[in-house]
Amino acid sequence: MNLIDGNKVAAEIKQEIAEEVKKIVESGGKQPHLAAVLVGHDGGSETYVAYKIKDCEAVGFKSSLIRYEDDVTEEELLAKVDELNKDEDLDGFIVQLPLPKHISEQKIIEAIDPKKDVDGFHPINVGRMVIGLPSFVSATPYGIVELLKRYNIETSGKNCVVLGRSNIVGRPMSVLMSQKEMNATVTVAHSRTANLKEVCRNADILIVAMGVPEFVKGDMVKEGAVVIDVGTTRVKSDQTKSGWKLKGDVLFDEVAPKCSYITPVPGGVGPMTRTSLLLNTLLSAKKEIYK
């Protein structure tokens with residue numbers, strides 16, 4: 001069993017980005033600029049955005065953080081999105097999800113200029129990705145593809161099962177794995193799939209994004225499979241100082257001995273999601289997606 005080290009790969013990619021940014025700035029180019037809009041004080045979002053700012057510093061990006069309280073109106077937020085769309089110094093920005101219940105997340109996503117949508121959530125970027133045009137790809141699927149490539153994991157002709165069908169992970173993941181670059185044969189499964197255990201056991205590559213801690217047990221995985229665990233659920237634990245522990249969607253101790261490769265939680269997919277955001281911002285700064 002080989003452990004896929006997302007921290008190590010993310011550090012390598014950040015080093016590559018930093019070197020490229022240094023060259024751009026030294027040759028008189030503009031420093032890439034990423035902004036994040038944070039609404040309220042959700043613990044997970046606060047942590048994630050703090051990491052993003054730290055990542056920007058590490059690679060030489062300029063970063064901005066725009067904060068709002070939970071009671072911000074949808075109109076105020078849409079006005080800020082419009083302002084950021086028009087800011088010529090800004091290469092990309094994200095509005096951190098989840099948003100308060102009174103704000104339509106879809107309305108906010110659709111208001112973002114696709115050329116600055118470095119999260120890859122806008123329907124135009126999703127559509128371009130589906131038909132194989134250059135696009136900003138949703139950060140988690142982008143990161144997973146990068147992990148598979150950098151570990152030289154064979155995907156061509158392999159049976160890939162994507163467990164989960166969210167618009168942020170499952171759906172784009174299934175499309176990317178089926179395209180010519182990866183060439184896998186893809187099944188999208190979910191909690192209502194008949195014979196789910198058998199479907200998963202048929203997978204050479206199993207990508208699990210259910211959001212259900214330890215959903216995949218040892219008897220759902222065949223010998224030699226590659227397992228990518230996207231899950232990150234905070235559960236109470238008396239074994240940690242914080243009183244919380246991050247758990248993946250895979251029961252690691254049961255599944256890992258059967259795998260050829262597996263991602264741990266934490267330290268697998270998570271660091272790659274953050275790094276993909278930097279890659280998208282660099283692509284935007286270089287005008288490589290929208291010429």
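In the predicted model, K22 and E26 lie four residues apart in helix α1, so about one helical turn separates them. The two side chains form a salt bridge in which the closest N and O atoms are 3.4 Å apart. Both K22 and E26 are exposed.

A second pair involves another residue of helix α1. The side chains of E20 and K286 form a salt bridge with an N to O distance of 2.4 Å. Because E20 belongs to helix α1 (residues 6-26) and K286 to the segment after α10 (269-285), this contact ties together parts that are 266 residues apart in sequence. E20 is partly exposed, with a relative accessible area of 27%, and K286 is likewise partly exposed, at 32% relative accessibility.

Distant parts of the chain are also linked by K62 and D89, which are 27 residues apart. Their side chains meet in a salt bridge at 3.0 Å, N to O. K62 is located in strand β3 (residues 62-68), whereas D89 is found in the loop between α3 and β4 (92-95). The relative accessible area of K62 is 37%, so this residue is classed as partly exposed; D89, at 26%, is partly exposed as well. Together with K30 and D91, K62 and D89 are linked in a network of salt bridges. In total, the model contains 20 salt bridges.

E69, D70, D71, E75 and E76 make up a negative surface patch. Among them, E76 is placed in helix α3 (residues 74-86) and is partly exposed, at 42% relative accessibility.

Conventions: Residues are numbered from 1 along each chain as its sequence is written. This is a predicted model: local features need pLDDT of at least 70, side-chain atom pairs count only at pLDDT 80 or more; totals for chains, interfaces and linings use all residues. Side-chain values use heavy atoms; hydrogens and water are left out. Patches are made of residues with over 30% relative accessible area and no salt bridge: like charges are joined within 9 Å, nonpolar side chains (Val, Leu, Ile, Met, Phe, Trp, Tyr) within 5 Å. Accessible areas come from the Shrake-Rupley method with a 1.4 Å probe; for residues, only the protein chains shown count as cover. A salt bridge is a side-chain nitrogen of Lys or Arg within 4 Å of a carboxyl oxygen of Asp or Glu. Lys and Arg count as positive and Asp and Glu as negative; His and the chain ends are not counted. The place of a charge is taken as NZ of Lys, CZ of Arg, CG of Asp or CD of Glu. Helices (H or I, at least four residues) and strands (E, at least two) are DSSP runs, numbered from the N terminus. Buried means under 20% relative accessible area, exposed over 50%, partly exposed in between (1.4 Å probe, protein chains only).
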